[in-house]
Amino acid sequence: MQNTAAWQASKFITSTRQQGRWIPNQQHVYPGSWFIISVYIDLYVATIQQYARGKLLDLGAGMVPFYGMYKDKISENVCIDWANSLHANPHLDVVADLNQPFPLPDDTFDSILCSDVLEHIADPFAFMRETARVLKPGGDLMLMVPFFYWLHETPHDYYRYTEFALRKMCADNQLEVLELKAYGGYPDVLLDLMSKGLGRNKRLAGPFFRLAKALASTRVYQKLRAKTADRFPLGYCLVARKGEVIGQG
């Protein structure tokens, strides 16, 4: 990563109340997104800290918001993104059109992080082939995507993916799915829609966020979330591993 010493937390920060807990940075994130981040953040952190290792490719890195979560788990990180991204920044090692073949060699990375990027790719099948190509045999892909989510970064917002589409894209590229978890459920979809609608009004956004978090902490809410996550997911968190090359004796 370029200018590592100048990196600052952006989308996520650590809580001053709960040591080691990551939360949305309310000074940086659109208020309408505070709630959905609070839903997925623990899953993202747990996944990244378990599977990030070795030489990591931060694919669609933006302002490298996850660096603080994985920096102690890796030996090196390489950040790649397109030049016209809304999240353009001085930390990129490679500036490239992610809809084109990556200017990176085969079998290079021990782990790849690709968070909330795939929906912005015009040819996701080619993108997944390239992702698998640059991953080392035995390396892990951490991929996060939204499902029930509003249009964003338009006009470069192309697709939403079901669990079954993600599994097929992995199978087509010899990637074994280790984990595929939905986050959110029916009540989260409703609260996120309301959050997005109120997000432009900061006087309402803060109180609504606190109310939504309080509701989401109740036992009844959590049971409904778990019961409906398979049909009404806000999004998915996937981990897939590239098959080892078997030598010929």
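Buried means under 20% relative accessible area, exposed means over 50%, and partly exposed lies in between, with a 1.4 Å probe and protein chains only. Keep that scale at hand for this tour.

The model is predicted: local features need pLDDT of at least 70, side-chain atom pairs count only at pLDDT 80 or more, and totals for chains, interfaces and linings use all residues. Residues are numbered from 1 along each chain as its sequence is written, and side-chain values use heavy atoms, without hydrogens and water.

**Stop 1: the loop at Asp157**

Select Asp157. It sits in the loop between strand S7 (135-146) and helix H4 (163-172). Helices (H or I, at least four residues) and strands (E, at least two) are DSSP runs, numbered from the N terminus. Is Asp157 buried or exposed? Asp157 is buried, because its relative accessible area is 11%.

Now show its surroundings. Contact means heavy atoms within 4.5 Å. Leaving aside neighbours within four places in sequence, Asp157 touches Glu119, His120, Trp150, Leu151 and His152. Zoom in on His152: its backbone nitrogen lies 2.9 Å from a polar atom of the Asp157 side chain. A polar contact is a pair of N or O atoms within 3.5 Å; within protein, one must be able to donate a hydrogen and the other to accept it, and residues adjacent in sequence count only if both atoms are side-chain atoms.

**Stop 2: the sheet**

Switch to cartoon view. An open sheet of seven strands runs in the order S5-S4-S3-S6-S7-S9-S8, with mixed pairing. Strand S5 (94-95) and strand S8 (175-183) stand at the edges, each with a single partner strand, so one side of each has no neighbour in the sheet. Two strands pair if DSSP finds at least two bridges between them.

Select strand S6, residues 109-115. Seven of its seven residues are buried, so S6 is largely enclosed by the rest of the structure. Look to strand S3 (residues 54-59): three bridges join it to S6, and the two run parallel. Leu56 has Ser111 in S6 as its bridge partner. Then look to S7: six bridges join it to S6, again in parallel. Find Phe109 opposite Leu135, and Leu113 opposite Met142.

S6, H3 and S7 make a right-handed β-α-β unit. Right-handed means that, with the strands pointing away from the viewer, the path from the first strand over the helix to the second runs clockwise.

**Stop 3: Leu57**

Stay with strand S3 and pick Leu57. Leu57 counts as buried, at 0% relative accessibility. Beyond four places in sequence, its contacts are Val78, Ile80, Leu104, Phe109, Ser111, Ile112, Leu113 and Val134. Ile37 is 20 residues away in sequence and 22 Å away in space, C-alpha to C-alpha.

**Stop 4: Trp7**

Go to the segment before S1 and select Trp7. Trp7 counts as buried, at 15% relative accessibility. Which backbone oxygen does the side chain of Trp7 reach? That of Val64, at 2.9 Å. Beyond four places in sequence, the contacts of Trp7 include Met63, Pro65 and Tyr67. His91 is another of these contacts. Trp7 and His91 are 84 residues apart in sequence, yet 7.7 Å apart in space, C-alpha to C-alpha.
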